[in-house]
Protein chains: 2
Amino acid sequence: MRTSNMLEQLMEALRCLPGVGPKSAQRMAFHLLQRDRSGGVKLADALSQAMTEVGHCGECRTFTENDVCHICSNPKRQQTGQICVVESPADIAAVEATGQYSGLYFVLMGHLSPLDGIGPSDIGLDKLDFRLQEGEITEVILATNPTVEGEATAQYIAELCHIHQVNASRIAHGVPVGGELDLVDGTTLSHSLLGRHKL
Amino acid sequence: MRTSNMLEQLMEALRCLPGVGPKSAQRMAFHLLQRDRSGGVKLADALSQAMTEVGHCGECRTFTENDVCHICSNPKRQQTGQICVVESPADIAAVEATGQYSGLYFVLMGHLSPLDGIGPSDIGLDKLDFRLQEGEITEVILATNPTVEGEATAQYIAELCHIHQVNASRIAHGVPVGGELDLVDGTTLSHSLLGRHKL
C-alpha cells in the first residue's frame, strides 16, 4: 500500500527492531502518529543520541557514553577484587537485579566460536589477560551462558586464570528454584547431581 | 539496573511503542547498539521527520506529509464518485490490499461515541457533509468496523447521505471465506443469513 512516503519510510525503518514485522511496524507507526507524537519525538532524540554517543567502557566493555562505566569507576566495587565475566550487557542487568554481587564485570560481547572466526581477541580476552596480569583481580566468576560455546569460553578463561594464579569459579548449574524435578531436562538434572553440596 | 543514562533513556523511550514492555525495550536497545546502529540512526531520522511533518489530508483526513494525499489527488479515483468511509488509515491499507476498490476514501479517525464525548464534528462528519453537498459524490460505502459504535456511526452517516440524496451502502457482514460454519459466532451467522442473495 502506498500511503505517504514518510509513513512508508517510518514503517520500513521500524522493522530494524527485533521481532517487528510489517504488521506491527504499521501498528506502531499509526499509534505514534495518532496518539503519541511527543513520545515519538522523544524516541527519535533518544535513538540518535544513543546511536552516536554510546560506546564501550574502557574497562569492562559494556555500553556507556562515558570512557568508564559507573560500575568500573566505583571504588567500592574495585576493592572487592572480583570480576564477573558475562557474554552481554543484558547479563549485567540480570546479575545486578539479584543484588547478590557487588564486584566488577567484564563483558565479552559474544563468545568463542572458531567456526564463525571469533577468537579470543575478538571477545576482548587480550584485555582481560592484561587485567589479570596487573594482579588487582583476586577472583574471576565465569557467568557465560550454559551453552556449548559459553562453556568452552568459560573453560578458556579459566585456563587464563590458572596461568596468572587467579581463582576462577563457574556459576552453579542445576534445578531452577521453584522448578519441578520431572520438568527439568536430563542435562540440567545431572549437573545439579554432580554439583550437590553437603548440608 | 543503572547502566548508562542514555541507554536508560532509550529503553524508556522505546516503551512508547505499542506492545513494548521493559524486557523487549531492553532487547531492542541492545540489538540496535550491538548489531544495527545504522538502522537505529535511520529509524531516528524517519521518526523525527514523520512526527513533525506528517499531517492529515485536507480531503480524506488520512496521514500524509502533503496537503492532499496521493489517493485524493488522483483524477481517476475522483471520477468514480465513490467514497469509502473507514475508521482509521490502517483500514485504507486493508481495503487497498484487496485491489477491489478504486474510489476515494474518508477517514473518520475514530467513531461516534457519545459516552466519550466524541460527536459528529470530532470525526470530521461536518467535512463529509460539506462534500456530499457539493454533489460530486454518487455513492458512499460505509466500511466502519462491525462494532456497536461502528454500526451506529454507519447509521448516522447513512442518514446524512439520505438527506443529500446520495446512495449509501454498507459492506457485507457474514461468514469469512474459508471459515467453517460451526466455528462462526451466532451474530455473524445470522448476519450472513439475513444478507443472503439469490444464485
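The model is predicted, so local features need pLDDT of at least 70 and side-chain atom pairs count only at pLDDT 80 or more, while totals for chains, interfaces and linings use all residues. Residues are numbered from 1 along each chain as written, chains are lettered from A in the order written, and side-chain values use heavy atoms, without hydrogens and water.

Let's start with the symmetry. Chain B superposes on chain A by a rotation of 180° with 0.0 Å of shift along the axis, at an RMSD of 0.1 Å (least squares on C-alpha atoms with pLDDT of at least 70 in both copies). That is the relation of a two-fold axis. In chain B, Ala44(B) has the C-alpha nearest the axis, 2.2 Å from it.

Next come the aromatic rings. Rings of Phe, Tyr and Trp (its six-membered ring) pair if their centres lie within 6.5 Å, with planes under 30 degrees apart stacked, over 60 edge-to-face and the rest tilted.

| Pair | Centre to centre | Angle between planes | Type |
|---|---|---|---|
| Tyr101(A) and Tyr105(A) | 5.2 Å | 70° | edge-to-face |
| Tyr101(B) and Tyr105(B) | 5.2 Å | 70° | edge-to-face |

Tyr101(A) and Tyr105(A) are buried (under 20% relative accessible area, 1.4 Å probe, protein chains only), and both Tyr101(B) and Tyr105(B) are buried.

Finally, Glu87(A) is buried. Its side chain makes a polar contact with that of His111(A) at 3.0 Å (N or O atoms within 3.5 Å, one able to donate a hydrogen and the other to accept it).

How values were computed
Buried < 20%, exposed > 50% of the residue type's maximum accessible area, 1.4 Å probe, protein only. Lys, Arg positive; Asp, Glu negative; His and termini not counted. Salt bridge = Lys/Arg side-chain N within 4 Å of Asp/Glu carboxyl O.
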